[in-house]
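This report covers one protein chain.

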Amino acid sequence: MASAILPILVCLCGGAGASCRYLLDVTIKTYWQRAFPLSTFTINLIAGFLAGLVAALALGGTLAEPWHLVLATGFLGGFSTFSTAINEMVTLFRKRHYPTATAYLALSLVVPIAAAACGFLA
C-alpha cells in the first residue's frame, strides 16, 4: 500500500467506525431505557474483542502492518468510545446512581480487556 494513501484510509475507516458506533448506539438506546449505559458498554466490549483479534492477526503475520493500522487505529479508533464511557460514569455519579456508576466503572475497565484477550486468543 502506498504510504500516501495510508493516512487517508485510516481517516476514512475512522469515519466508518464512528458511523457504526452511532448506528449501534441509537439502536440499543431505542430498546434500553435503564440508567446503565448499555450502548456504550456494548460498543466498547465489541471494540475490545475486535482489537484483540486484529492484534492477533497482525502478530501472527496474517494481517500486514498497514491494514493493522487501518483497522485498529482507523475503524476501531472511531468505533470505540472510552471517553463517552467516562462521561457517562461522571453523569451517573452526579445523579447519585452510585451502585450503577460503580458497577459501570468496574465493568468498563475489566470486560473490554477480557474481550480483547478473547479476541486475541480466538
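## Burial and surface

A residue is called buried when its relative accessible area is under 20%, exposed when over 50%, and partly exposed in between, with a 1.4 Å probe and protein chains only. By this criterion, 30% of the 122 residues of the chain are buried. The chain exposes about 7,200 Å², and 73% of that area comes from carbon and sulfur atoms.

## Model basis

The model is predicted: local features need pLDDT of at least 70, side-chain atom pairs count only at pLDDT 80 or more, and totals for chains, interfaces and linings use all residues. Residues are numbered from 1 along each chain as its sequence is written, and side-chain values use heavy atoms, leaving out hydrogens and water.

## Fold

The chain has five helices and zero strands, in the order α-α-α-α-α from the N terminus. Helices (H or I, at least four residues) and strands (E, at least two) are DSSP runs numbered from the N terminus. The C-alpha trace spans about 50 × 30 × 25 Å along its principal axes.

Contact means heavy atoms within 4.5 Å. Among contacts in the chain with a separation of 6 or more, 73% join residues 24 or more positions apart.

## Nonpolar core

A nonpolar core is a set of buried Ala, Val, Leu, Ile, Met, Phe, Trp, Tyr and Cys residues joined through side-chain atoms within 4.5 Å. The largest one has seven residues: Phe36, Phe41, Ala85, Met89, Leu92, Ala101 and Tyr104. Helices α4 (82-94) and α5 (98-121) each supply at least two of its residues, and α4 gives the most, with three.

Leaving aside residues up to four places away in sequence, Met89 touches Ala101, Tyr104, Leu105 and Ser108.

Conventions
Areas by Shrake-Rupley, 256 points an atom, 1.4 Å probe, with all protein chains shown as cover.
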